[in-house]
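Q: Could you walk me through a few local features of this model?

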Amino acid sequence: SSTSAVFLLSCLSLGVGVFSLPSTLNDLGWPLGTALILFFGVISTLLQLQLLDVAVERRCSTWDEVVMIAPGGKVLSRLGLFLSLVIGNAAHLQVVAGMLFDLISFFVAHRYGEFE
């Protein structure tokens, strides 16, 4: 259903990114990290609003009608969805593997934070 698809894509988009925000802010510094988060948030919002304007202007009622506007849009849309799922799952597995390593090193090896 449409509701399930929106929920799945929202979880995929937000899940791993939320886990990496603290380390990104620490690596870049709070001012630059916050500025970049706000910048990409504004860019994402503006692009989505532009897409909605085009869809309304062309009287598109389905996503397939929207992607048919661009040459090769349907193929690129399907490829983009596939790649986002693969990349999202790979990033999720990396985060989970890092958490598992931290847990094992703390509870089993008793040497948390002593690795270079």
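This is a predicted model: local features need pLDDT of at least 70, side-chain atom pairs count only at pLDDT 80 or more; totals for chains, interfaces and linings use all residues.

Q: Okay, how many residues does H4 have, and what does it reach end to end?
A: Helix H4, a DSSP run (H or I, at least four residues), covers residues 73–107, which is 35 residues, and reaches 50 Å from first to last C-alpha, close to the 51 Å expected at 1.5 Å times one less than its number of residues.

Q: Is Ser77 in there buried or exposed?
A: Ser77 is buried at 18% relative accessibility, where buried means under 20% relative accessible area, exposed over 50% and partly exposed in between (1.4 Å probe, protein chains only).

Q: And what does its side chain make a polar contact with?
A: The side chain of Ser77 makes one with the side chain of Trp63 at 3.0 Å.

Q: Switching topic, which loop holds Arg59?
A: Arg59 lies between helix H2 (30–57) and helix H3 (63–67); its phi is near 55 degrees, a positive value in a residue other than glycine, and Arg59 is exposed at 73% relative accessibility.

Q: How accessible is Phe39?
A: Phe39 is partly exposed, at 46% relative accessible area.

Terms used: Residues are numbered from 1 along each chain as its sequence is written. Side-chain values use heavy atoms; hydrogens and water are left out. Helices (H or I, at least four residues) and strands (E, at least two) are DSSP runs, numbered from the N terminus. A polar contact is a pair of N or O atoms within 3.5 Å; within protein, one must be able to donate a hydrogen and the other to accept it, and residues adjacent in sequence count only if both atoms are side-chain atoms.
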